[in-house]
Amino acid sequence: MKKVLVTGGAGFIGSHTCVELAAAGFEPVIVDDLRNSQERAIDGIGRIMGRKPSVHRIDCCDAGAMRRMLATEGPIHGAIHFAADKAVGESVNDPLKYYHNNIGSLVLLLRLMKEHGTQRIVFSSSCTVYGQPEKLPVTESAPDRNAMSPYGFTKIACEQMLRDTTSSDPALKAVLLRYFNPVGAHPSAHIGELPLGVPNNLVPFVTQTAAGLRKQLTVFGTDYDTPDGSCIRDYIHVVDLAKAHVRALEWMEGEGASSCEVFNIGTGKGNSVLEVINAFTGETGAPLPYVIGPRRAGDTTAVYADTTK
């Protein structure tokens, strides 16, 4: 089977993508230092795949370790680059951590891909590159705006890096997937969203609060210019998102694929924070205590995808 390098493959989106790669006939090769994930995610991937995946517990910024890994694994058909720090608030407080890990890991990966003749990469981008769009739903042709956080800027910088690199190397192809808000879990329940420490995303905070692991949920701001005053996002199921990565790899194998292409991955519909909370309590009947807090640094008012492309 064709091997696909999956950096951050033990994470939320990475683990689901490994499962979908295996289902499509690829062999995922996981590189993850487990800074944002747990060993049991790898166990869950193996249970779903029916075999233990190839795993390298290394830092994607460690050039020596990455070279040794590639020498061990042999030819790599393509790479999917998830490995990155992703908390908006933390990036505001510690921007250098984000610039080093998020940008530096891609620089190294692209150099190593060139050394080893790997010519396909799918990049884990984000709707944060749009900032606060002037028009909604937002299309891929909307201009990159000033990022609302250092995290968002790293995605803009990495996208530009891939455009420049594919322009300089005609053999390299890249697909940039701009995620909106991934939620959910694999139907087997062997893998799902399992953040370490206090969650940064809404849905795991909702579920942990309902389960009694958290005292209460904070809604960061209800004074936004939206129907109920809370932020609006586009929530996409993680399995659908994972399948998009497989399709991106397959698309790059076609003769008509461009050297660098970008796609929104969302549902095309926005839901507010309060709508998500009310939907959860309506479906489960579980009490969900929450309080209204101040706005959170780096948050945009509303963003949801135009998925026509």
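Residues are numbered from 1 along each chain as its sequence is written, and side-chain values rest on heavy atoms, with hydrogens and water left out. Because the model is predicted, local features need pLDDT of at least 70 and side-chain atom pairs count only at pLDDT 80 or more, whereas totals for chains, interfaces and linings use all residues.

## Helix pairs

Helices (H or I, at least four residues) and strands (E, at least two) are DSSP runs, numbered from the N terminus. Axes are lines fitted to C-alpha atoms, for helices over the stretch in contact, and angles run from 0 to 180 degrees between N-to-C directions.

| Helix pair | Angle | Axis distance |
|---|---|---|
| H5 (residues 95-116) and H6 (residues 150-168) | about 20 degrees | 9 Å |
| H1 (residues 12-23) and H8 (residues 238-252) | about 60 degrees | 8 Å |
| H7 (residues 202-210) and H9 (residues 273-284) | roughly 40 degrees | within 11 Å |

With an angle of about 20 degrees between H5 and H6, H5 is therefore roughly parallel to H6; angles under 35 degrees count as roughly parallel, over 145 as roughly antiparallel, 65 to 115 as roughly perpendicular and the rest as oblique. The crossing of H5 and H6 is right-handed, a term for a near helix turned clockwise from the far one by less than a right angle, with anticlockwise giving left-handed. On the H5 side the contact (heavy atoms within 4.5 Å) is made by Pro95, Tyr98, Tyr99, Asn102, Ile103, Leu106, Val107 and Leu110, and on the H6 side by Pro150, Tyr151, Phe153, Thr154, Ala157, Cys158, Met161, Leu162 and Thr165. This contact of H5 with H6 holds 14 nonpolar, 3 polar and no charged residues, where Ala, Val, Leu, Ile, Met, Phe, Trp, Tyr, Cys and Pro count as nonpolar, Asp, Glu, Lys and Arg as charged, and the others, Gly among them, as polar.

H1 and H8 are oblique to each other, and H1 passes H8 in a right-handed crossing. Here Phe12, Ile13, His16, Thr17, Glu20 and Leu21 of H1 meet Val238, Val239, Leu241, Ala242, Lys243, His245, Val246 and Leu249 of H8. By class, the contact of H1 with H8 divides into 9 nonpolar, 3 polar and 2 charged residues.

H7 and H9 are likewise oblique to each other, and their crossing is right-handed. Leu202, Val203, Val206, Thr207 and Ala210 of H7 make this contact with Val273, Val276, Ile277 and Phe280 of H9, and the residues comprise 8 nonpolar, 1 polar and no charged.

## Pocket and cavity

Rolling a probe the size of a water molecule over the atoms shows where empty space is left. On a 1 Å grid over the protein atoms alone, a cavity is a set of points where a 1.4 Å probe fits but cannot get out, a pocket is an open set with protein on both sides within 12 Å along at least five of seven lines, and lining residues have an atom within 4 Å of a point. Grid points are joined across faces, edges and corners, and a volume is the space filled by probe spheres set on the points.

The second largest pocket has a volume of about 230 Å³, and of its 14 lining residues the closest to its centre are Leu110, Lys114, Thr165, Asp169 and Leu172. H5 and H6 each supply at least two residues of this lining, with H5 giving the most, 5 residues. The lining of the second largest pocket consists of 6 nonpolar, 5 polar and 3 charged residues.

A search of the whole structure finds 1 cavity of 30 Å³ or more, and the largest cavity holds about 50 Å³ of space. The largest cavity is lined by Leu5, Leu70, Ile76, Gly78, Ala79, Leu109, Leu112, Met113, His116 and Thr118. Strand E4 (78-81) and H5 are the elements that give two or more residues to this lining, and H5 contributes the largest share, 4 residues. By class, the lining of the largest cavity has 7 nonpolar, 3 polar and no charged residues.

## Backbone details in loops

The peptide bond from Leu136 to Pro137 is cis, with omega near -5 degrees, and Pro137 lies in the loop between strand E5 (120-126) and H6. Leu34, a residue other than glycine, has a positive phi near 65 degrees and is found in the loop between strand E2 (26-31) and helix H2 (39-49). Ala189, a residue other than glycine, has a positive phi near 70 degrees, and its place is in the loop between strand E7 (181-183) and H7.
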